[in-house]
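This report describes selected features of a single protein chain. Please look at the sequence and the structure before reading on.

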Amino acid sequence: VAVGAARAERPLAMFAALCVPMVLVLVYETKVFVAAHNRMYDVKSFSRRLAARLGPEAQLVTYRWGQLSLQFYTRRTVQRVQDPAGLERLLSAERPLYVVADERAWRTLPEATGRLWSFSDRAILGGRQVLVGSPVERP
């Protein structure tokens with residue numbers, strides 16, 4: 001169709017013959033890839049679960065994990081902590097604390113802080129398991 005339009009010197013017909021199929025392909029791919037991306041990185045529903053669970057006085061912190069998407073979807077301030085010393089400063093406060101970190105960080109965090117942790121939520125985001133924990137008093 002595009003070749004016929006070009007030979008007939010009809011630029012609009014040629015443009016339509018090339019662009020319409022391309023638009024249809026892009027519409028289809030967008031629908032497929034956006035759904036797959038949302039399944040893989042479903043930060044929105046994870047954040048909504050957190051926001052529903054946390055009281056207004058609770059403090060939400062990420063440990064060695066990005067906080068911007070959580071901050072956006074929970075509509076609350078989320079601090080980012082990179083080391084156990086920064087986390088200890090927050091643990092000494094009287095506010096309830098919830099820490100969001102991936103599974104690798106949680107392997108070392110209990111030993112680094114010397115505390116027991118209770119996990120209240122988990123999600124797989126981008127192929128990595130992310131857990132939400134809060135400190136527990138030792139018996």
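## A glutamine in a loop

Glutamine 67 sits in the loop between β1 (59-63) and α4 (68-74). Is glutamine 67 buried or exposed? Its relative accessible area is 17%, and because buried means under 20%, glutamine 67 counts as buried. When neighbours within four places in sequence are left aside, glutamine 67 is in contact with Thr62, Val78 and Arg80.

## Confidence of the model

The model is predicted. The mean pLDDT of the chain is 86, and 95% of the residues reach 70 or more. Among the elements of the chain, strand β3 (residues 97-102) has the highest mean pLDDT, 94, whereas helix α1 (residues 2-7) has the lowest, 68.

## Aromatic pairs

How many aromatic pairs does a search of the whole structure find? The search finds 3. One of them joins phenylalanine 72 and tyrosine 73. This pair is edge-to-face, with 5.0 Å from centre to centre and 80° between the planes. Phenylalanine 72 counts as exposed, at 57% relative accessibility, while tyrosine 73, at 31%, counts as partly exposed.

Tryptophan 106 and phenylalanine 119 form another pair: their ring centres are 4.9 Å apart and their planes stand at 90°, so this pair too is edge-to-face. The cut-off behind this reasoning is an angle over 60 degrees. Tryptophan 106 belongs to helix α6 (residues 103-113) and phenylalanine 119 to strand β4 (residues 116-125), so the pair ties together parts that are 13 residues apart in sequence. Tryptophan 106 is buried, at 6% relative accessibility, but phenylalanine 119 is partly exposed, at 39%. Ring pairs also bring in Trp117, linking Trp106, Trp117 and Phe119 into a cluster.

Which residues make the nonpolar surface patch of about 350 Å²? The patch is made by Tyr28, Val32 and Phe33. Phenylalanine 33 lies in helix α2 (residues 11-40). At 54% relative accessibility, phenylalanine 33 counts as exposed, because the exposed class begins over 50%.

## Accessibility of the aromatic residues

| Residue | Relative accessibility | Class |
|---|---|---|
| Phenylalanine 33 | 54% | exposed |
| Phenylalanine 72 | 57% | exposed |
| Tyrosine 73 | 31% | partly exposed |
| Tryptophan 106 | 6% | buried |
| Phenylalanine 119 | 39% | partly exposed |

Notes:
Residues are numbered from 1 along each chain as its sequence is written. This is a predicted model: local features need pLDDT of at least 70, side-chain atom pairs count only at pLDDT 80 or more; totals for chains, interfaces and linings use all residues. Side-chain values use heavy atoms; hydrogens and water are left out. pLDDT is the predictor's confidence in each residue, from 0 to 100. Helices (H or I, at least four residues) and strands (E, at least two) are DSSP runs, numbered from the N terminus. Patches are made of residues with over 30% relative accessible area and no salt bridge: like charges are joined within 9 Å, nonpolar side chains (Val, Leu, Ile, Met, Phe, Trp, Tyr) within 5 Å. Accessible areas come from the Shrake-Rupley method with a 1.4 Å probe; for residues, only the protein chains shown count as cover. A salt bridge is a side-chain nitrogen of Lys or Arg within 4 Å of a carboxyl oxygen of Asp or Glu. Buried means under 20% relative accessible area, exposed over 50%, partly exposed in between (1.4 Å probe, protein chains only). Rings of Phe, Tyr and Trp (its six-membered ring) pair if their centres lie within 6.5 Å; planes under 30 degrees apart count as stacked, over 60 as edge-to-face and the rest as tilted. Contact means heavy atoms within 4.5 Å.
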